[in-house]
Amino acid sequence: MDTGIKVEECMKTGLITIMDDASVFDAAKKMTDEKIGTLLVTDVKKKIYAIVTDEDLVRKVLAKKNLTAKVSEVASKPLITVAGESDLSEAAKAMGKKHV
């Protein structure tokens, strides 16, 4: 059922990214400094291909004492996206399928 609300109406602008070869400590610091819980992960060509969340850091770094990990090792991939002009219900369905 369509909500009548487009995804772009709920999106934030100004993407905050981190390189995939950055340390998990750099990711945690950037999240803290920016007061956010997610970072988009880029490769050397600046292509966004994954996302790292504060939950990734807890489950894949702290809980496993994986303190030397790089962002690429703990990021969630592939990145699941929907178009900005899509109805919000489509985004909700995509998130539900991936248990996000």
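In this predicted model, strand 1 and strand 2 (residues 38–42) run parallel and are joined by 3 bridges. Within this pairing, isoleucine 18 has valine 41 of strand 2 as its bridge partner.

The two strands belong to an open sheet of 3 strands, which has the order 1-2-3 and mixed pairing. Strand 1 (17–19) and strand 3 (48–53) each have a single partner strand, so they stand at the edges and one side of each is left without a neighbour in the sheet. On average, neighbouring strands of this sheet are turned by 40° against each other, direction ignored.

The loops come next, starting with the backbone. Most residues other than glycine have a negative phi, and most peptide bonds are trans. Lysine 46, in the loop between strand 2 and strand 3, has a positive phi, near 70°. Its relative accessible area is 61%, and because the cut-off for exposed is over 50%, lysine 46 counts as exposed.

Lysine 65 also has a positive phi, near 50°, and is placed in the loop between helix 2 and helix 3. With a relative accessible area of 71%, lysine 65 is exposed.

A cis peptide bond, with omega near 0°, leads from lysine 77 to proline 78. Proline 78 lies in the loop between helix 3 and helix 4.

Glutamate 85 lies in the loop between helix 3 and helix 4 (88–97). What does glutamate 85 contact, leaving aside its neighbours within four places in sequence? The contacts are with Lys6 and Glu8. Glutamate 85 is also 9.0 Å from isoleucine 5, C-alpha to C-alpha, although 80 residues separate the two in sequence. Glutamate 85 has a relative accessible area of 54% and is therefore exposed.

On the surface, Phe25, Val58, Leu62 and Leu67 form a nonpolar patch. Together these residues have about 400 Å² of accessible area. One of them, leucine 67, lies in the loop between helix 2 (54–62) and helix 3 (71–74). Is leucine 67 exposed or partly exposed? Its relative accessible area is 42%, so leucine 67 is partly exposed. A residue needs over 30% relative accessible area to join a patch, and leucine 67, at 42%, is one of the four residues listed in this patch.

Conventions
Residues are numbered from 1 along each chain as its sequence is written. This is a predicted model: local features need pLDDT of at least 70, side-chain atom pairs count only at pLDDT 80 or more; totals for chains, interfaces and linings use all residues. Side-chain values use heavy atoms; hydrogens and water are left out. Patches are made of residues with over 30% relative accessible area and no salt bridge: like charges are joined within 9 Å, nonpolar side chains (Val, Leu, Ile, Met, Phe, Trp, Tyr) within 5 Å. Accessible areas come from the Shrake-Rupley method with a 1.4 Å probe; for residues, only the protein chains shown count as cover. A salt bridge is a side-chain nitrogen of Lys or Arg within 4 Å of a carboxyl oxygen of Asp or Glu. Helices (H or I, at least four residues) and strands (E, at least two) are DSSP runs, numbered from the N terminus. Buried means under 20% relative accessible area, exposed over 50%, partly exposed in between (1.4 Å probe, protein chains only). Two strands pair if DSSP finds at least two bridges between them. Axes are lines fitted to C-alpha atoms, for helices over the stretch in contact, and angles run from 0 to 180 degrees between N-to-C directions. Contact means heavy atoms within 4.5 Å.
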